[in-house]
Amino acid sequence: AKKAVSDLTVICRALRVILVLQCSVLGQFLWRVVLKYTNNDQLRPVRVFLKKQYGHLKPYVKTHGKLLYGAGMVMSAWAVFFILYANLFNFDYFELSYAGVTGAPPVYGPFYKRHVSIKEKKSLKDLAMKKHRFNSFKSDQTPLNREIPDTRSEGCAELLYPHNLPVASVIIVFHNEALTVLLRTVYSVLDRTPPHLLKEIILVDDFSDEGELKTLDAEIAKLQKTSHIRLPKRSGLIKARLFGASKATGQVMIFLDSHCECNVGWIEPLLYEVKKDRSTVPSPKIDVIMYESFEYRQANPQVGAFDWSFTFYWQMREQKNFTEPLIAPV
């Protein structure tokens, strides 16, 4: 991670120098064009202004002008060569690292590749889309503890909640899930949940047979409050959740998908509704993670509903006060 940041810093500084020198070259070029196509009388006010403002730089420009011009041309040629070289040999030098949550160093999964050719990237993306129906390769290249935008409304972000909310057990069921997507879900829970509100995270493996998940235990061993249970046979989502619930020790159980990310302040509103009424089953507003780019996007307020054929769908709801919960039948 440090090396990636160091390389990025060098590239940014080099591009900054190129920009300054190219501006110098462009300025000289434009000035020559102005001198060629205008007469002295038209330029007299400009010359007076420039002499007044920048006259003290004339000796420096006269001495070093050609040097700056030549350096700008050399750096411009180097920039063109750099871009052509990257495309000719299919190297993607602009695969930048994202910062981790709250400025922490980025943590990558076991399949992270620092330099990937453009040709190889396309091939890996195609394989990932075919295997998982989303770009799991992009997930592998994205930090497990990445920062995501706080999408709460201004009113929600200002709400205060009691300290003594119920303690939660988070249960995540998965079957052949992409490893880094699953780990990012766990990291988001650990990073954005107050420690006193999180009892445990229980991962229930519904008899996965995917090879990349063999390293899951080693990855979980690095984390706190996280355990992994593997079922002896394929049981289905509901039975697997019930099995996880039977192992939970928290006061409240929260069931999450294995391919989501918890945002800032995600758990307090849910636990507060349960504290007010133990019969309440709250659900959060669910934002969107784009399946190809893994970009995190804010979603509009929606509630789950069923049509007359019992098909589940999301229904848009108008909401005047975004700090109040929406009453939903599902």
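Let me start with the open sheet: it has four strands, in the order β3-β2-β1-β4, and the pairing is parallel. Strands pair here if DSSP finds at least two bridges between them. Strands (E, at least two residues) and helices (H or I, at least four) are DSSP runs, numbered from the N terminus. At the edges sit β3, residues 226-230, and β4, residues 252-256, each of which pairs on one side only. From one strand to the next the twist averages 25°. Axes are lines fitted to C-alpha atoms, for helices over the stretch in contact, and angles run from 0 to 180 degrees between N-to-C directions.

This is a predicted model, in which local features need pLDDT of at least 70, side-chain atom pairs count only at pLDDT 80 or more, and totals for chains, interfaces and linings use all residues. Residues are numbered from 1 along each chain as its sequence is written, and side-chain values use heavy atoms, with hydrogens and water left out.

Back to the sheet. Seven bridges hold the parallel pairing of β1, residues 168-174, with β2, residues 198-205. One of the bridge partners in β2 is Asp205, which goes with Phe174. Helix α7, residues 179-192, packs on this sheet and touches β1, β2, β3 and β4. Its direction makes about 170° with that of β2. Contact means heavy atoms within 4.5 Å.

What span should α7 have? At 1.5 Å a residue, its 14 residues should span 20 Å, and the end C-alpha atoms are 20 Å apart, which agrees. The expected span is 1.5 Å times one less than the number of residues.

Is α7 mostly covered or uncovered? It is mostly covered, with twelve of its 14 residues buried. Buried means under 20% relative accessible area, exposed over 50%, and partly exposed in between, with a 1.4 Å probe and protein chains only. The buried residues include Leu179, Val181, Tyr187 and Arg192. They pack against β1, β2, β3 and β4, and also against α5 (136-140) and α8 (216-220).

Next, the hairpin. Strands β7, residues 302-306, and β8, residues 312-316, run antiparallel and are joined by five bridges. Val303 stands opposite Gln315 in β8. Five residues lie between the two strands. Phe310, in the loop between β7 and β8, has a positive phi of about 60° although it is not a glycine. With a relative accessible area of 69%, Phe310 is exposed.

Arg133 also has a positive phi, near 70°, and is a residue other than glycine. Its place is in the loop between α4 (118-132) and α5. Arg133 counts as exposed because its relative accessibility is 62%.

Now the chain totals. There are ten helices and eight strands. Of the 330 residues, 33% are buried. Among contacts with a separation of 6 or more, 74% come from residues 24 or more positions apart. The accessible surface is about 21500 Å², and 61% of that belongs to carbon and sulfur atoms. Areas come from the Shrake-Rupley method with a 1.4 Å probe; for residues, only the protein chains shown count as cover.

Last, confidence. The average pLDDT, the predictor's confidence in each residue from 0 to 100, is 82 for the chain, and 72% of the residues score at least 70. Over residues 1-7 it stays under 50, and the model has five contacts for them beyond four places in sequence. Residues 88-100 are also below 50, with 34 contacts in the model beyond near neighbours in sequence.
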